[in-house]
Amino acid sequence: MSQAPLDLLLLPSWLVPVEPAGVVLHDHGLGVRDGRIVLIAPRAEALLQPVTRVLELPGRLLTPGLINAHGHAAMTLFRGLADDLPLMTWLQEHIWPAEGQWVSEDFVRDGTELAIAEQIKGGISCFADMYFYPEVASGCVHDSGIRAQISIPVLDFPIPGARDASEALRKGLGLFDDLKHHPRLSVAFGPHAPYTVSDDKLENIRMLAEELDAGIHMHVHETAFEVQQSLSQYGERPLARLQRLGLLGPRFQAVHMTQIDDEDLQLLVTSNSSVIHCPESNLKLASGFCPVEKLWQAGVNVAIGTDGAASNNDLDLLGETRTAALLAKAVAGSATALNAHGALRLATLNGARALGLEQETGSLQLGKLADLCVFDLSGLAQQPVYDPVSQLIYSSGRQCVEHLWVGGKQLLDSGQLTRMDEQQIIAKARAWGEKIGSPRAAATN
């Protein structure tokens, strides 16, 4: 019985599987059938296979799709709203009031669509979202074709879409039921931060997460002030408090972690928790420096996220990865810290592991989902190419992203969105900008 033809055969100049680490395959082909990778072979061998579509990719690099392990998608509509301010001033005096005034289901829908489109054009095949009206964001993910983890926001005070934490969790459990068989969507719990969620609510989240085998996605140790506040209030550092309450573990995703002492490091290692590094947001808000190399060498899984566009101000994960690589060297005081291949791993397989998806995506391996990104390294700024991964991390930008597939379905073709209307998304974002900006403009006149 003859084998069914491949749906797609990609023939790039370079293929980087990410796992095994440090490998670059030259003149190999990758075959896709039914949304999964079924062939990785030398070019001549790959061309012997029956195939429906062949895509020649000279001067191109094929990698797994990038994974943005932390962000607040709908906050794209607050991009540039309150720049150059300290974190708590930015949050308490600008962002929280703006959210109270403007965030609605329509705001989340339009902002999330803008974020998804920007991420697809930047080579991101999967992202973690932590924002209000998660059921609306999940609808955007479903329609767009991208992959995502949607977190249920939990805080001690009322939020858009929920009068209290109990209502937020009740709605979140309904979303779990609705999406438990979805091929591209998973749901996690998203307690905002240790300083905004009380012990009883955290214990409830721990119980639910264990019952549902769900992730817990949380801002932790973002600033020195947060740590000092916890020491004053609880007599222990935030991470130690979370360990006491039973939250740390393989499901736990600790976002930021700019303040890490030896005891914190030991807790991360022994609990097998993941750290989500957001270097550009931390730099812009002067929050501190995550010691990535120290974590990496200790065996902690470190992934990378852009954070929201209100504090970054873009969702450019390739740019974020370059910043992470450079910053890691400065923080460690070593030029060998976090090399280019390691940085790409942060943005792919480590992100998948943090989100509990490492068996399905994050690397180019037989049987895994065909979440694939093609980068054009044929341009002036990438010449000459000695190591394509170094050229990708240190010499390239997201404008080099040419194609993107998620589960074998093409979402970006030669830089053009295939399932989303870019001009309509831009028009909606401009309309929100005019509406949100007009009272601010009037207030400053």
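**Figure 1. Ser414 sits in the loop between S16 and strand S17 (416-417).** This is a predicted model. Ser414 has a positive phi of about 55°, although it is not a glycine. Its relative accessibility is 49%. Ser414 therefore counts as partly exposed, since the exposed class begins over 50%.

**Figure 2. Strands S15 and S16 form a hairpin.** Two residues lie between the two strands. Gly407 is in the turn and has a positive phi of about 60°. Val406 stands opposite Lys409 in S16.

**Figure 3. Strand S15 also pairs with strand S14.** S14 covers residues 372-376, and S15 covers residues 401-406. Four bridges join S14 to S15. These two strands run antiparallel. Val374 stands opposite His403 in S15. How many of the six residues of S15 are buried? Six of the six are, and the strand is mostly covered.

**Figure 4. A cis peptide bond joins Gln383 and Pro384.** Omega is about -10° here. Pro384 lies in the loop between S14 and helix H15. Helix H15 spans residues 388-395.

**Figure 5. A cis peptide bond joins Glu19 and Pro20.** For this bond, omega is about 5°. Pro20 is found in the loop between strand S1 and S2. S1 spans residues 8-15, and S2 spans residues 25-26.

**Figure 6. Asp27 lies in the loop between strands S2 and S3.** S3 takes in residues 28-33. Is Asp27 buried or partly exposed? Asp27 counts as partly exposed because its relative accessibility is 47%. Asp27 and Ser13 are 14 residues apart in sequence. In space they are 5.1 Å apart, C-alpha to C-alpha. Leaving aside residues up to four places away in sequence, Asp27 touches Pro12, Ser13, Pro42 and Arg43.

**Figure 7. His221 lies in the loop between strand S10 (216-220) and helix H7 (224-234).** Phi of His221 is near 50°. That is a positive value in a residue other than glycine. The relative accessible area of His221 is 0%, so this residue is buried.

**Figure 8. Helices H3 and H4 pack at an angle of about 40°.** H3 spans residues 105-121, and H4 spans residues 134-144. Their axes are 9 Å apart. H3 passes H4 in a right-handed crossing. From H3, the contact is made by Glu105, Val108, Arg109, Thr112, Glu113 and Ile116. From H4 come Val136, Ala137, Cys140, Val141 and Ser144. By class, the contact has six nonpolar, two polar and three charged residues.

**Figure 9. The UniProt record places a domain feature at residues 62-410.** The feature is named "Amidohydrolase-related" in an unreviewed entry. Over residues 62-410 the chain is 43% helix and 17% strand. The end C-alpha atoms of this stretch are 14 Å apart.

Note on methods:
Residues numbered from 1 in each chain as written. Predicted model: local features only at pLDDT ≥ 70, side-chain atom pairs only at ≥ 80, totals over all residues. Heavy atoms only, no water. Buried < 20%, exposed > 50% of the residue type's maximum accessible area, 1.4 Å probe, protein only. Pairing = 2+ DSSP bridges. UniProt positions renumbered as here; feature names shortened; annotations may be inferred. Axes fitted to C-alpha atoms, helices over the stretch in contact; angles between N-to-C directions. Left-handed = near helix turned anticlockwise from the far one by under 90°. Contact = heavy atoms within 4.5 Å. Nonpolar A, V, L, I, M, F, W, Y, C, P; charged D, E, K, R; others polar.
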